[in-house]
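Here's a quick briefing to read with the model open beside you.

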Amino acid sequence: MILVTGAGGFVGSYLLKRLSAAGQPVRTLVRSRSDFERIRSASVAVCRLELTDAISLHAALEGVEQVVHLAGTFRELGRGTFDVVHQNGTRRLLQAAKGANVKHVIYISTLGAAPDRIYPYVRSKWLAEGEVRGSGLPFTILRPSLLFGEGDRFLTPLTRLLRKSPYAFIPGYEKLRCQPLWVGDLVSCLMRTLGSGVGKGEVIPLAGPEQITYEGVIDLLQKRLESSRPKIRLPISLAASLTLLLERLLREPPLTSGILDIWRLGAITDRHAVRKAYGFTPMPLSEGIRYLLSSDESPARRRGSRERATTPDRTPER
């Protein structure tokens, strides 16, 4: 039995489809009614609870051999700070997992996780990694870069903003860089780790083959949208303040403080990191944008034949 936390989120929805297609017995943890409604059609057992609910958490872990810990947040709301959600939530989960004799925990961290107080999001992921390492349980820590795909927290809101705004806003005067990874490729890595134990005991950086600036992403989107909105650069301090304000005002802000932290830190690694660890080349962002903004098909549908030809276990998402 595999337990997936944060199953109602972006990565979780992709992973559940893949696990369901593979016939894997899965149990999920979700926090909200909306998350429950989003995944209840999947062939999985759903437990709706908070990671602070120790009794229900122990019950949910009964018979579980592997845990995929996806639960997290890109924005701080109320008492749900980065440290509370990432470090404290991970600690409680691992304590329960140890009591249930779980054989393997896979934690999804972030590329660049470090004890740097300038970037609260990446620092909280580092603290959560420390909980995993110190748990005494067999583990794999995956550090993906910024993820993109249908329904993401990156390209989707940015595209929406570009369509509505007369300007293209660029945070910072320096060139913010990142190495985005397609969510389907992260799920392929997860499936291999679950199936064969690839990377057990390791901390593995994962990123796409293209390193790109924030402005470069804007340029790719504008080209695809056939628009040429004038660019306005904002001081990084102002961009951070506006991001915090929009997080409190909007249900789906165009940028979150967690994602801005990733850009400011510069989530960059070896361009061949995924190939070295898992034996396949991930989708470039430029290709992903082309498919994501197409009206007739998604990245997975167009890439299905190529995936089956190069990596047999990488099946289409749809």
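First stop is a nonpolar surface patch of about 440 Å², made by Leu238, Leu242, Leu245, Leu249 and Leu250. This is a predicted model, so local features need pLDDT of at least 70 and side-chain atom pairs count only at pLDDT 80 or more, while totals for chains, interfaces and linings use all residues. Residues are numbered from 1 along each chain as its sequence is written, and side-chain values use heavy atoms, with hydrogens and water left out.

**The leucine patch**
- Patch members have over 30% relative accessible area and no salt bridge; nonpolar side chains (Val, Leu, Ile, Met, Phe, Trp, Tyr) are joined within 5 Å, and like charges within 9 Å.
- A salt bridge here is a side-chain nitrogen of Lys or Arg within 4 Å of a carboxyl oxygen of Asp or Glu.
- Areas come from the Shrake-Rupley method with a 1.4 Å probe, and for residues only the protein chains shown count as cover.
- Leu249 belongs to helix 9 (residues 236–249); helices (H or I, at least four residues) and strands (E, at least two) are DSSP runs, numbered from the N terminus.
- With 60% relative accessibility, Leu249 counts as exposed; the cut-offs are under 20% relative accessible area for buried, over 50% for exposed, and partly exposed in between.

**Rings and charges**
- There are 6 aromatic pairs in the structure.
- Take Tyr214 and Trp263: their ring centres are 5.1 Å apart and their planes sit at 70°, so this pair is edge-to-face.
- That pair links distant parts of the chain, with Tyr214 in helix 8 (residues 214–225) and Trp263 in helix 10 (residues 257–265), 49 residues apart.
- Tyr214 and Trp263 are both buried.
- For pairing, rings of Phe, Tyr and Trp (its six-membered ring) need centres within 6.5 Å; planes under 30 degrees apart are stacked, over 60 edge-to-face, and the rest tilted.
- Phe74, Phe82 and Tyr121 are linked into a cluster by ring pairs.
- Lys17 lies over the face of Tyr14, 5.9 Å from the ring centre, and the charged end of Arg133 sits over the ring of Trp126, 5.3 Å from its centre.
- A charge sits over a ring if NZ of Lys or CZ of Arg is within 6 Å of the ring centre and within 35 degrees of the ring normal.

**Strand 5, inside**
- In strand 5 (residues 104–108), 5 of the 5 residues are buried, so the strand is largely enclosed by the rest of the structure.
- His104, Ile106 and Ile108 point one way, Val105 and Tyr107 the other.
- Side chains in a regular strand alternate between the two faces of the sheet.
- Strand 4 (residues 66–69) pairs with strand 5 in the parallel sense over 4 bridges; pairing takes at least two DSSP bridges.
- Opposite Ile106 in strand 5 stands Val68.

**Loops worth a click**
- Asn101, in the loop between helix 4 (82–99) and strand 5, has a phi near 60°, a positive value in a residue other than glycine.
- Asn101 is exposed, at 58% relative accessible area.
- Glu226 also isn't glycine but has a positive phi, near 55°; look for Glu226 in the loop between helix 8 and strand 13 (231–234).
- Tyr173 is in the loop between strand 8 (168–171) and strand 9 (177–178).
- The C-alpha atoms of Tyr173 and Arg233 are 6.5 Å apart, though 60 residues separate them along the chain.

Conventions: Buried means under 20% relative accessible area, exposed over 50%, partly exposed in between (1.4 Å probe, protein chains only).
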